[in-house]
Amino acid sequence: MPSQYYSKHKNPPLTEEEIKEKYKDIQEEMKEVLEWKKETEANLEDPKASPQKKGAAKRALKKIMRRIGTVQGQIVYWELRVKGESHFKASIEKNEYWASCREK
């Protein structure tokens with residue numbers, strides 16, 4: 001019985017069109033994160049900003065840098081998928097990228 005359960009994919013494989021759409025979506029997300037970074041850096045540079053606001057901006061920058069690494073890993077994954085790589089190989093590349101980000 002259990003072997004029949006695992007013999008089929010739970011979800012059908014993504015089509016080429018869906019993969020391209022996901023790649024486009026993750027690139028849009030990167031633009032949003034970079035915009036967030038720009039706004040936060042502006043708060044940090046603002047001479048009129050309160051010390052609390054500057055402290056919050058410094059803390060936010062750490063989160064932003066982690067998010068940039070996460071999104072960049074997703075871009076690596078979807079770029080490989082668009083080029084025709086398997087989920088398995090693209091996932092390994094993504095995880096290696098994330099590991100290199102954690103080491104920094």
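**Exercise 1. Find which residues Val71 touches, leaving out residues up to four places away in sequence.**

Solution. Start with the contact rule: heavy atoms within 4.5 Å. Leaving out residues up to four places away in sequence, Val71 touches Ile26, Glu29, Met30 and Val33.

A word on the model before we go on. This is a predicted model, in which local features need pLDDT of at least 70 and side-chain atom pairs count only at pLDDT 80 or more, while totals for chains, interfaces and linings use all residues. Residues are numbered from 1 along each chain as its sequence is written, and side-chain values use heavy atoms, with hydrogens and water left out.

**Exercise 2. Describe the largest nonpolar core: how many residues has it, and which have the most contacts inside it?**

Solution. First, the term: a nonpolar core is a set of buried Ala, Val, Leu, Ile, Met, Phe, Trp, Tyr and Cys residues joined through side-chain atoms within 4.5 Å. Buried means under 20% relative accessible area, exposed means over 50%, and partly exposed is in between, with a 1.4 Å probe and protein chains only.

Next, the count: the largest core has 13 residues, and Ile26, Val71, Ile75 and Trp78 have the most contacts inside it. Then the sources: α2 (16-45) and α3 are the elements that give two or more residues to this core. Helix α3 supplies the largest share, 7 residues. Helices here are DSSP runs (H or I, at least four residues), numbered from the N terminus.

**Exercise 3. Work out how α2 and α3 are arranged: what is their crossing angle?**

Solution. Axes are lines fitted to C-alpha atoms, for helices over the stretch in contact, and angles run from 0 to 180 degrees between N-to-C directions. The axes of α2 and α3 come within 9 Å and cross at roughly 160°. Therefore α2 is roughly antiparallel to α3, a label for angles over 145 degrees.

Now the hand: this crossing is left-handed, meaning that the near helix is turned anticlockwise from the far one by less than a right angle, whereas clockwise would be right-handed. Finally, the classes: the contact of α2 with α3 has 18 nonpolar, 4 polar and 12 charged residues. In this scheme Ala, Val, Leu, Ile, Met, Phe, Trp, Tyr, Cys and Pro count as nonpolar, Asp, Glu, Lys and Arg as charged, and the others, Gly among them, as polar.

**Exercise 4. Repeat the analysis for α3 and α4: which residues meet?**

Solution. The axes of α3 (residues 51-82) and α4 (residues 87-103) come within 8 Å and cross at roughly 155°. So α3 is roughly antiparallel to α4. The crossing of α3 and α4 is right-handed.

On the α3 side, the residues that meet α4 include Gly69, Gly73, Val76, Tyr77 and Leu80. Their α4 partners include His87, Ala90, Lys94, Tyr97 and Trp98. By class, the contact of α3 with α4 has 7 nonpolar, 7 polar and 3 charged residues.

Methods: Angles under 35 degrees count as roughly parallel, over 145 as roughly antiparallel, 65 to 115 as roughly perpendicular and the rest as oblique.
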